[in-house]
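Me: I would like to go through the ligand site and a few backbone details of this model. Let us take them one at a time.

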Amino acid sequence: MKPTYERPVIQKLNTGLLNKFGSRTEYTPVKQIDGVSVNNLMDQYGSPLFVISEKTIRQTYQRALKAFKMRYPKVQFAWSYKTNYLDAVCNVFHQEGSWAEVVSGFEYQKALHNGVPGNLIIFNGPDKSVEDLKKAVENCSLIHIDHFDELYSLIEMLEGTSYSARVAIRVNMDTGVYPQWDRFGFNYESGQAWNAIMKIVTQKNLELEGLHCHIGTYMLTANAYAVAARKMCELAQATANTAGVKVKYLDMGGGFCSSNTLKGSYLQGVDVIPNFDDYAEAIVNTLLHFGFKPDELPLLILETGRALIDEAGYLLGSVLATKRLADSRRATVLDIGVNIMFTSFWYNHRVSPAQDFTQHAEEMALYGPLCMNIDCLRESVSLPLLKKGDRVVVHEVGAYNMTQWMQFITLRPNVVMIDTTGKVHLIRKNETVETIVENENVPDHLKVFKL
Ligand SMILES: *Cc1c(COP(=O)(O)O)cnc(C)c1O
């Protein structure tokens, strides 16, 4: 066979990768996940393919829980559904003891469908319809009120009934991290949060059970949580002193970093992010030193999302083609588009070849298969030369990709979970043309086909 001609270019090849500290890191191919062959997975379930490691979820969860439990007597995690609401994933967290944290009527239904008792569901978010609120009240769920309009519709709804609602307010505040997330909840510094608390404690159909905040996501400084915890404690204390209402819990939300590397970051994520112990230390020390009597310490709730699931998720894909760009850079085209790997807009995801290769690496762009210029997974990454048909493993894609993915020109792929014994389970089957057209409707006058 005639070899394909490629115009000669002079390009620097590296042996291994030079890191910031001058030493070269060796690439190793990733041929298996939890002992299961990547090739077998792709042969059986297709390409691209999402793979979730149940073992990694459980280990990460235990590590996070331990960091808090060692330091504080009353800790409860609530799984953030929007981070990954595949039922199998949620159920791993529920088996580990997590409550459910939901931010929409749809997610609320999903939590009920997964068998989570109503009183263990935390209902967050700015979009709760009257029907949602009714259901949440009937099921004794914890309603975290986001704004005055929601508070007033709850009051109106309960007026003259014998029902009472278990509520908290979401508080936003200055934690020294900007831009400040002040669009959710009631502001602390302006007195708005205090105003909401007073409106709640004077209503007989509302039980103020807790205070909630979620100060941001991918928080690079643990100290922001110390600042937030202090303000939450102050509100709790003022509520106890003024209204005689002792809140049962403080919910510090989520926002802990996964070890992914943010775009524009000079150092690898793992070298700069706080770990669970750092976050736990910041939050717990603030609570313990604030002045609560030991037997009156509030329950500490955490809604950490991405930090618990990112590392458990992999995306396997195949090389469709390689080419030279006009500026003689190498480009590698994969079958993974940004529509199924949404987090590539924020992260420089680590990509590993799934087969043996020579140690010669070249700077290259990684593109997806979408016919759009924005479809770029990595603008520039040093990787061993890949050729058509080669396979790759993208790391740390467990958070948000399987909820924010978009169907666009192709269909969303299979998702499998490897259980703790190494058995593979299909947990979401790939879409087909039928999945898409099922929801469409062609008016009668357009059913006559004429060319
Ligand atoms: C999204 C969200 C979380 C989870 O956030 P992470 O940054 O993934 O940890 C927790 N609580 C609320 C209210 C959220 O909206």
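Me: How far does a backbone N or O atom of G305 lie from an oxygen atom of the ligand?

Reply: The model is predicted, and the distance is computed from its atoms. A polar contact needs a pair of N or O atoms within 3.5 Å. The pair formed by a backbone N or O atom of G305 and a ligand oxygen atom lies at 2.8 Å.

Me: Which residue has a side-chain N or O atom 2.6 Å from an oxygen atom of the ligand?

Reply: R306 also has a polar atom 2.9 Å from a ligand oxygen, but that atom belongs to the backbone. The side-chain N or O atom at 2.6 Å from an oxygen atom of the ligand is in Y400.

Me: What percentage of the ligand's accessible area does the protein cover?

Reply: On its own, the ligand has 390 Å² of accessible area. The space it takes is the second largest pocket. Of that accessible area, the protein covers 95%.

Me: How many residues of the shell around the ligand are polar?

Reply: The ligand is surrounded by 16 residues, and the closest include K82, T217 and E303. The shell has one nonpolar residue and five charged ones, and the number of polar residues is ten.

Me: What is the omega of the peptide bond from S47 to P48?

Reply: P48 is placed in the loop between helix 1 (38–45) and strand 6 (49–53). The bond that joins S47 to P48 is cis, and its omega is near -5°.

Me: Which residue has a positive phi of about 65° although it is not a glycine?

Reply: The residue is in the loop between strand 16 (313–324) and strand 17 (330–334). The non-glycine residue with a positive phi of about 65° is S328.

Terms used:
Residues are numbered from 1 along each chain as its sequence is written. This is a predicted model: local features need pLDDT of at least 70, side-chain atom pairs count only at pLDDT 80 or more; totals for chains, interfaces and linings use all residues. Side-chain values use heavy atoms; hydrogens and water are left out. A residue is near a molecule or strand if one of its heavy atoms lies within 4 Å of it. A polar contact is a pair of N or O atoms within 3.5 Å; within protein, one must be able to donate a hydrogen and the other to accept it, and residues adjacent in sequence count only if both atoms are side-chain atoms. Accessible areas come from the Shrake-Rupley method with a 1.4 Å probe; for residues, only the protein chains shown count as cover. On a 1 Å grid over the protein atoms alone, a cavity is a set of points where a 1.4 Å probe fits but cannot get out, and a pocket is an open set with protein on both sides within 12 Å along at least five of seven lines; lining residues have an atom within 4 Å of a point. A molecule sits in a cavity or pocket if more than half of its atoms lie within 2 Å of its grid points. Ala, Val, Leu, Ile, Met, Phe, Trp, Tyr, Cys and Pro count as nonpolar, Asp, Glu, Lys and Arg as charged, and the others, Gly among them, as polar. Helices (H or I, at least four residues) and strands (E, at least two) are DSSP runs, numbered from the N terminus.
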